[in-house]
Amino acid sequence: MTIYFYKAWQPYGCFSNFSFHGIHVQGIYWPTVEHYYQAQKFVGSTDAVIIPFIHAAATPEEAAALGRCSSRQLRRDWDLVKTQVMREAVLKKFLTHADIREVLLKTGDEMLVENSPTDYFWGCGANKTGQNHLGKILISVREEIRKLLSLTVIHE
Ligand SMILES: Nc1nc(O)c(N)c(N[C@@H]2O[C@H](COP(=O)(O)O)[C@@H](O)[C@H]2O)n1
């Protein structure tokens, strides 16, 4: 059975990047994966000045709105690195928070799909033909955590 998720307040909302499960990356705390992901778009770009504003955004929706502003200059390698940036942040999220790690592990081997009606890259889009990269990342993170757990105890 495929598990669909999208908004943070819906079933399996903890799989959304908009869920309030903070991460530390290189000594900096980010309130959601979405804050971190949107900020990474501008690392090294001429619009890097926006990064502290994304970091300080009160909500992930606000962070996403700042990061999605089409007049700003994205880092040049963004399309090359964005999937890896997202995977590292999502892995960090599920290594950090034991409660949602359990939710993820309990999905067994089920397919996970971000049921976004508009996003055909991270989600499945309105007609379910999207690439679902976020769902694929969650599945690979689930597998990586299983391997880590079989080797050692995770220290939060
Ligand atoms: N608008 C919106 N609301 C949500 O609640 C979402 N979970 C998403 N999806 C996420 O949006 C991010 C992609 O942003 P860009 O289009 O690359 O700026 C990514 O985190 C999706 O999972 N969108």
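Guide: A pocket, found on a 1 Å grid over the protein atoms alone, is an open set of points with protein on both sides within 12 Å along at least five of seven lines. The model is predicted, and local features need pLDDT of at least 70, side-chain atom pairs pLDDT 80 or more, while totals for chains, interfaces and linings use all residues. Residues are numbered from 1 along each chain as its sequence is written, and side-chain values use heavy atoms, without hydrogens and water.

Visitor: Where does the ligand sit?

Guide: The ligand sits in the largest pocket, so more than half of its atoms lie within 2 Å of that pocket's grid points.

Visitor: How many residues surround the ligand, and which are the closest?

Guide: There are 15, and N17, E34, Y37, K41 and E114 are the closest. By class, the shell holds six charged, six nonpolar and three polar residues. Helix α1, a DSSP run (H or I, at least four residues) covering residues 33-40, gives the most to this shell, with three residues.

Visitor: How much of the ligand does the protein bury?

Guide: The protein buries 85% of the 510 Å² that the ligand exposes when taken alone, by the Shrake-Rupley method with a 1.4 Å probe.

Conventions: A residue is near a molecule or strand if one of its heavy atoms lies within 4 Å of it. On a 1 Å grid over the protein atoms alone, a cavity is a set of points where a 1.4 Å probe fits but cannot get out, and a pocket is an open set with protein on both sides within 12 Å along at least five of seven lines; lining residues have an atom within 4 Å of a point. Helices (H or I, at least four residues) and strands (E, at least two) are DSSP runs, numbered from the N terminus. Ala, Val, Leu, Ile, Met, Phe, Trp, Tyr, Cys and Pro count as nonpolar, Asp, Glu, Lys and Arg as charged, and the others, Gly among them, as polar.
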